[in-house]
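Please look over the structure below before reading the numbered points. They are meant for a reader who has not seen it before.

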Amino acid sequence: MSEILKRLSEQGVSIWLDDISRERLRTGNLESLIREKHVVGVTSNPTIFASALSKGDAYDTQLHDLKVRGVDLEEAVRAITTYDIRWAADVLKPVYDASQGVDGRVSIEVDPRLARETDKTIAEARALWWMVDRPNLFIKIPATVEGLPAIAQAISEGISVNVTLIFSLERYRGVMDAWLTGLERAKANGLNLSSIESVASFFVSRVDSEIDKRLDKIGTPEALELKGKAAVANARLAFAAFEDVMNSPRWQALAAAGARPQRPLWASTGTKNPDYPDTLYVDDLVAAGTVNTMPEKTLNSVADHGKITGDTVRPFYEHAWNTMAALKEVGLDYDDVVRFLEEDGVDKFKTSWTELLSTVDAELKKA
C-alpha cells in the first residue's frame, strides 16, 4: 500500500479515481486500487467512456445484444454507461457501508447537451437515478445558471448530486445555496436528510491553463510571476466560502436535522503544464473534509512522490486573497476568465458526448 496516499487519506482527503472502464472492472483493477491505493470513489465523464469503448473487447457482447435488439443510439449509450456505473457501485459498496454512506460513491453525468435546460436536466437526473438504482450513486449536474434549480430539485427528491463544472467563487456560492434549498425542501417533504449526499466539483488545472495564457499576453514581470498560482488560490478561497456556509445558522439547522455537508471536490487535478510539479493540485489542496478525484497517472505520481505535509488550505487564506488581488492589479479580468471557462467546459462536455455517441454508433455497426 502507498504510504503517501495513506497519509493523504489520514489527513481527511477522500481519494477518488477519475476514470472507469469495463476492462478495469472485469480484471479486478478497481478492487486493487481500493485495496492498495486508498481509492474510495469513482467519477466518470463522456470522454472516459468513449476512450474505454474504443479499446479492447470488454463491451462486445453487450454491443452485439443492443444491435440485435434494435436499441436506438442514445438508449444504447445509457445502457452501456449505466451498466458500468452499477458494477462500479457494487464494487464500492463495502466502502460505502464502512463510511456510513459518505464515500464509496460513483458519479454519472447527465447529457451535457442539456446544460442550459433546467427541466430536461431534472428529467434526465431522475431517469439515471432510476436506471442505476444504487444508493451510492451521484448524478453529475453542471453548475450553469440553468443547472442550479435542477440541483435543488434533484436534492429535494432525495437524489444525491455531484455538482460539476464549478470555476468561480460566485457560482460556487450559488451552488451551495441550491444545495441548501434542496435540503430544506427535502426536509419539508419528510425525507431522511442523512441519506442525501452531495459534492461540489471545483475545477482546478483549467483555471491555471487559461489564466497563464492571459498572463503571458500581459507580459509584464509582475504578471509572469503569477503564473501557476491562480488555480490553487481560487480553490483555497472556495474552501473558505464552504467554511462560511458551514458556520451559518441555515446550515446548522439542517445539520441538526441529520443533513451532511456538501464536500468540496477538487476536479481537473492532473497538471497540464509540464513545468509544474505533477502532484501540485494534490499537495497544495490538502484539507480535511474534501475529495480529490485524480486520473490514474496523477494517482500514481502522488503515490510515488507526493508531498503531504498537513493542511495546505486553511493556513493560506490570506496568501490566496493576496494572489487574487495581485492578478487584478496586473490587469487580469477574473470574471471574464471564469465565464469563458464555464462556456468552454460545457462545449467540451458536449463535444465529448458527441464523440461518445459516434463511438457507440461505430461499435454497434461493427458488432
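1. R105 sits over the face of F138, at 5.0 Å from the ring centre. A charge counts as lying over a ring if NZ of Lys or CZ of Arg is within 6 Å of the ring centre and within 35 degrees of the ring normal.

2. On the basis of these points: this is a predicted model, in which local features need pLDDT of at least 70, side-chain atom pairs count only at pLDDT 80 or more, and totals for chains, interfaces and linings use all residues. Residues are numbered from 1 along each chain as its sequence is written, and side-chain values use heavy atoms, with hydrogens and water left out.

3. How many aromatic pairs are there? The count is six, where rings of Phe, Tyr and Trp (its six-membered ring) pair if their centres lie within 6.5 Å, and planes under 30 degrees apart are stacked, over 60 edge-to-face and the rest tilted. The ring centres of F167 and F203 are 5.4 Å apart and the planes stand at 50°, so this pair is tilted. It links distant parts of the chain, 36 residues apart: F167 is in the loop between β5 (161–166) and α10 (169–188), and F203 is in strand β6 (residues 198–203). Helices (H or I, at least four residues) and strands (E, at least two) are DSSP runs, numbered from the N terminus. Both F167 and F203 are buried, that is, under 20% relative accessible area, with exposed over 50% and partly exposed in between (1.4 Å probe, protein chains only).

4. Strand β1 (residues 13–18) is largely enclosed by the rest of the structure, because five of its six residues are buried. β1 runs parallel to strand β8 (residues 290–294), with five bridges, and parallel to strand β2 (residues 39–43), with four; two strands pair if DSSP finds at least two bridges between them. W16 has T293 as its bridge partner in β8 and stands opposite G41 in β2.

5. The lining of the largest cavity consists of 13 residues, of which F49, T81, I108, E109 and W353 lie nearest its centre. On a 1 Å grid over the protein atoms alone, a cavity is a set of points where a 1.4 Å probe fits but cannot get out, and lining residues have an atom within 4 Å of a point. α6 gives the largest share of this lining, three residues.

Notes. On a 1 Å grid over the protein atoms alone, a cavity is a set of points where a 1.4 Å probe fits but cannot get out, and a pocket is an open set with protein on both sides within 12 Å along at least five of seven lines; lining residues have an atom within 4 Å of a point.
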